[in-house]
Amino acid sequence: MSRKTSGAELNDSGFTPVVYDPQYILMVNELKKYFPIKGGMMSRTIAQVKAVDGVTFNLKRGTTMGLVGESGCGKTTTGRTILRLSGEKTGGQVLFNGQEVYDLSPKEMRSLRTKMQIIFQDPFSSLSPRLPVGEIIGEAVREHGLVSKAEFNDYIDQVMDNCGLQPFHKDRYPHEFSGGQRQRICIARALALNPEFVVCDEPVSALDVSIQAQIINLLGDLQEQYKLTYLFISHDLSVVEHISDTVGVMYLGNLVEYGKTEDIFKNPLHPYTKALFSAIPVPDPNARMNRIVLEGSIPSPANPPSGCKFHTRCANCTQRCKEEVPKQREVEEGHYVVCHLYDR
């Protein structure tokens with residue numbers, strides 16, 4: 001059965017379970033997701049890719065959290081693991097409305113699917129080329145029995161209208177639409193189930209800038225209308241600054257900094273965050289850019305360095321950074337960083 005509170009004891013992974021706080025729709029605690037590397041004649045596990053390695057954050061209802069970082073840092077895997085789309089987790093907690101997602105039975109999980117949805121990065125490959133748009137959007141609605149047969153067509157028309165699609169689009173196929181229209185179809189498919197929480201996995205990265213603005217505004221309008229909560233995964237920092245209430249910065253499977261958007265962008269603390277933000281282009285040809293260029297090799301998530309994972313590229317690296325793993329610390333109210341520079 002599902003649990004409304006996290007009453008588990010200290011487990012073998014060594015993390016302390018969190019207690020459910022009703023103000024948060026999602027509570028992620030020391031989440032880990034490793035993928036095995038097989039080798040040898042017996043195809044045994046010889047190593048593990050530590051895609052997500054101890055991520056912790058809380059997400060308030062009706063807000064948006066931006067998750068940023070360079071390619072391969074584990075952003076998408078974090079989102080998919082939260083939704084239980086990548087098999088079993090390796091460790092940690094994922095509390096959704098107080099329920100441990102990974103404690104739910106298949107029947108309970110099926111019911112929860114309507115409340116947790118995802119908008120995929122590629123709007124073309126995530127849509128079936130063999131189904132018309134009306135069926136793509138309404139398939140899950142019919143499967144979960146959210147509306148009666150008599151109300152079905154009107155319901156799908158309403159969902160499409162909310163996402164900027166016309167009723168006559170129902171009989172068309174994905175290849176007949178532009179990239180922006182396909183992304184609207186993906187958004188309509190997610191919203192058709194009346195979710196509470198949506199993972200937006202780089203939903204505008206494949207679109208033109210003008211279309212990006214339309215989709216971002218659409219997501220904002222829908223959030224206000226339906227009181228949605230977003231986990232917005234992106235590498236576009238300007239988009240994240242515009243849409244997010246809080247921001248988490250990931251590096252090699254770890255959340256190295258987390259806090260309110262204003263605090264993160266005005267006062268970045270972690271050396272990696274500073275380097276990441278220094279690459280944001282400024283729309284002023286006379287402005288002087290203080291670009292921080294990271295040196296050193298990018299470690300492999302299958303063989304991460306000891307101590308702080310960023311120490312191989314950090315200009316402020318000390319011997320302690322090479323040997324001891326830093327802990328998450330609250331430097332100012334609601335602003336957390338994982339760095340030895342801020343140890344008290």
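Before the pockets, I noted how one is found: on a 1 Å grid over the protein atoms alone, a pocket is an open set of points with protein on both sides within 12 Å along at least five of seven lines, and lining residues have an atom within 4 Å of a point. I also noted that this is a predicted model, where local features need pLDDT of at least 70, side-chain atom pairs count only at pLDDT 80 or more, and totals for chains, interfaces and linings use all residues. Residues are numbered from 1 along each chain as its sequence is written, and side-chain values use heavy atoms, with hydrogens and water left out.

**Entry: second largest pocket**

I looked up its lining and found 19 residues, with Tyr24, Asn58, Tyr258, Gly334 and Tyr336 nearest the centre. Its volume is about 450 Å³, taken as the space filled by probe spheres set on the points, with grid points joined across faces, edges and corners. E1, E2, E10 and strand E11 (328-332) each give two or more residues to this lining; helices (H or I, at least four residues) and strands (E, at least two) are DSSP runs numbered from the N terminus. E2 gives the most, with five residues.

**Entry: largest pocket**

Which residues are the closest to the centre of the largest pocket? I found Glu30, Gly54, Asn254, Val325 and Pro326, out of 29 lining residues. The space here is about 800 Å³. E1, E2 and strand E10 (254-260) each supply at least two lining residues.

**Entry: the sheet**

E1 and E2 turn up in both linings, and I followed them into their sheet. Four strands form an open antiparallel sheet in the order E2-E1-E4-E5; two strands pair if DSSP finds at least two bridges between them. Strand E2 (44-60) and strand E5 (99-100) are at the edges with a single partner strand each, so one side of each has no neighbour in the sheet.

I then checked the pairs. E1 and E2 run antiparallel and are joined by 13 bridges, with Leu26 opposite Leu59 in E2. Their hairpin has four residues between the strands, and Gly40 takes a positive phi near 85° there. Five bridges join strand E1 (residues 24-39) to strand E4 (residues 91-96). Across that pairing, Met27 stands opposite Leu95 and Asn29 opposite Gln93.

Methods: On a 1 Å grid over the protein atoms alone, a cavity is a set of points where a 1.4 Å probe fits but cannot get out, and a pocket is an open set with protein on both sides within 12 Å along at least five of seven lines; lining residues have an atom within 4 Å of a point.
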